[in-house]
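Let's walk through this model together, one region at a time.

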Amino acid sequence: MAKQLIEGNAAIAEAAIRAGCEAFYGYPITPQTEVLEHISKRMPEEGRVFLQAESEVASINMVYGAAAAGARVMTSSSSPGVSLMQEGFSYIACSEVPAVVTNIMRGGPGLGNVQPAQGDYFQAVKSAGHGDFHMIVLAASNVQEAIDLMVLAFDLADKYRTLVMFVADGSIGQMMEPAELPPMRPVRKPEERADWALTGAKGRKPNIVNSLYLGADNMEKVNLRLQKKLKEIAKNEVRWKEYAADGEHRIEDADLLLVAFGTVGRICQTVVREAEKKGMKVGLLRPITLWPFPSERIAELAEQVQGILTVEMNAGQMVEDVRLAVEARCPVRFYGRTGGVVPLPDDILPELEKLAAEVVGGEED
Amino acid sequence: MTKIEIPEDMELVYEYPESLTQAHTHYCPGCTHGTIHRLIAEVLDELGVREKTLGIAPVGCSVLAYNYFNVDMAEAAHGRAPAMATGMKRVSPDKVVFTYQGDGDLASIGIAEIVYAANRGEMFTTIFVNNAIYGMTGGQMAPTTLPGQVTTSSPTGRDVETAGFPIHMAELLGRLPGAAYITRQAVLDVRGIRRTKKAIKTAFRAQLEGLGFSMVEIISTCSTNWHMEPVEALEWAEEHMVSYYPLGDTKVSDGLQAMMKRK
């Protein structure tokens, strides 16, 4: 299939449809509204379910209901709307039903603004809702990757009966790029729904989708089962990309390492090339799964490089995970912009130079 | 469940509904939840829909309803059952979907979800148990607690000046165009129980005919948190609640009227 010029949000919506999404429940919020608009037109065309809910609280609980019935289902929102969904995330996680949610992040906290930001890293990775759980978090840095990750999101959700969050900042949602859409997959037939799903207790005992377990022992058993599943996900599903100035695998020679995801992960690819012109050997690691986090690979690289600079569109969130991975093997510094300001190569390069001076100076002492 | 053969000279006049499990309920002595569970189960049996019914339990005293109905069940977050039912029914239009909710769940924390589900005319049925109190958390003021009624969070009686007024859900939802059937019944005596069963059956039939949203509000008792003997609670509800919450239909859509004339 040929590439076409397509807007990020429309691409996300169309990729979900082609991945076999049977139902979408959502609520308008900038900068993700085009996901809802595109899908509101396309789902009826495909004979599938679209419903504009009365709130994000309702959206996520509609998703929960459809997922419990065994359908491939998603919702989409942006930062303040995602906060409203967190109750539902926790129930979905404990009930172990598959569902996909996208967060096209904007500036915050509070009502914030509608500029691109990454301030929801903590929320997505560390505090998706009450209780002990994680969702798989996939972060795209361009429109093509957004398309590919949306398809992956549905497959991972089904494979592990878990909640998968796709995150991008508003700039990826709003920009147009040439990209290739996947072929249309057939929608799962009602009779193909999973054996645990609520499909009617015909010739079998009733199925129950539930997150209530009275008694500490019962609840601990459920937690242990969930943790076992999360460990399996962490083992199998870590994804990231590495970049060097020549686009090859010269990251093995890098003295300094950049760690950045999403839009900044893309900007940092330019920074790597610009740094080489200034005589610095810099590599970039761009996490694609924010959870599970590529900690092992970062720990390996921390043995090799002299310092790490983490760059984010927030006040310093992922850098905590980088530090946890590095365990003081090398200095980890942070540069970030908040409120919807996008850091540019000219902002980031001086930070790299500072780091270079710090770590080289340290060796000379 | 084992079927018992009935001798030829005897007639089966009463049996355990197939749509109930054999589990012992956790409800307090004198609680009306058990009665209402049984009525729903009898209706599902009589309509022959048990094997295609999906139920949604609330948060509240009936949170464990998924253990008592012999149908596929989900357990919703507090107040969100109508949203869950919406999502479920839209992807399973051939199934019979119902929510079972209490007054705190439906009329307080979940009021947006029930109003919008009713207004969209979602094709599911809600059984709304109104006993004017938060039972599971130990007897706090509910949205339907009567003026002056003493609860653990209105210790000097519900003061409408500060706490606002009890909410009439059947009247509120009865005004919405998406609703096919909205009624208020009571399970305080045999006649009321029979009428309630009839209303539940009408509500499910409205769903099966695709006429729109249906809800049966049921005036119930909570002798434990009202601090009354079960019979005294029934009498108190008859005297105080039924006068505040009048029984009867608040919405019978044209489509439903036509259906009732046909049958």
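In chain A, 26 residues of domain 1 are in contact with 21 residues of domain 2; two residues are in contact if their C-beta atoms, placed from the backbone, lie within 7 Å. Before going further, please note that this is a predicted model, in which local features need pLDDT of at least 70 and side-chain atom pairs count only at pLDDT 80 or more, while totals for chains, interfaces and linings use all residues. Residues are numbered from 1 along each chain as its sequence is written, and chains are lettered from A and ligands numbered from 1 in the order in which they are written.

Domain 1 of chain A covers 4-236 and domain 2 of chain A covers 243-364, with bounds that come from an automatic or database domain assignment. Their C-alpha centres lie 30 Å apart. Which elements give two or more residues to the side of domain 1 of chain A that touches domain 2 of chain A? They are helix 5 (121-125), strand 6 (136-139), strand 7 (163-169), helix 7 (170-174) and helix 8 (216-236) of chain A. Helices (H or I, at least four residues) and strands (E, at least two) are DSSP runs, numbered from the N terminus. By class, that side of domain 1 of chain A has 16 nonpolar residues, nine polar and one charged. Here Ala, Val, Leu, Ile, Met, Phe, Trp, Tyr, Cys and Pro count as nonpolar, Asp, Glu, Lys and Arg as charged, and the others, Gly among them, as polar.

Now turn to where the two chains meet. The contact involves 32 residues of chain A and 28 residues of chain B. On the chain A side, strand 2 (23-26), strand 3 (49-52), helix 3, helix 4 (79-95) and strand 9 (208-209) each supply at least two residues. Helix 3 of chain A gives the largest share, eight residues. The side of chain A that touches chain B divides into 19 nonpolar, nine polar and four charged residues.

Zoom in on helix 3 (residues 56-68) of chain A, which packs against helix 2 (residues 81-91) of chain B at an angle of about 45°, with the axes 6 Å apart. Axes are lines fitted to C-alpha atoms, for helices over the stretch in contact, and angles run from 0 to 180 degrees between N-to-C directions. The two helices are therefore oblique to each other; angles under 35 degrees count as roughly parallel, over 145 as roughly antiparallel, 65 to 115 as roughly perpendicular and the rest as oblique. Their crossing is right-handed, meaning that the near helix is turned clockwise from the far one by less than a right angle. Among the residues that meet are M62(A), V63(A) and Y64(A) in helix 3 of chain A, and M84(B), M88(B) and R90(B) in helix 2 of chain B. The contact of these helices has eleven nonpolar residues, four polar and one charged.

S295(A), I298(A), A299(A) and A302(A) in helix 10 meet D321(A), V322(A), L324(A), A325(A) and V326(A) in helix 11. Seven of the residues in this contact are nonpolar, one is polar and one is charged.

Is helix 1 (residues 8-18) of chain A largely enclosed or open? Nine of its eleven residues are buried, so helix 1 of chain A is largely enclosed by the rest of the structure. A residue is buried if 20 or more other C-beta atoms lie within 10 Å of its own, exposed if 12 or fewer, and partly exposed in between, with C-beta atoms placed from the backbone. Just after helix 1 of chain A, G20(A) takes a positive phi of about 95°.Finally, look at some backbone details. Most residues other than glycine have a negative phi, and most peptide bonds are trans. In the loop between helix 11 and strand 15 (332-336) of chain A sits E327(A), which has a positive phi of about 45° although it is not a glycine. A328(A) lies in that loop between helix 11 and strand 15, with a positive phi near 65°. E327(A) is exposed, with 10 other C-beta atoms within 10 Å, and A328(A) is exposed, with 8. A cis peptide bond joins G108(A) and P109(A), and another joins W291(A) and P292(A).
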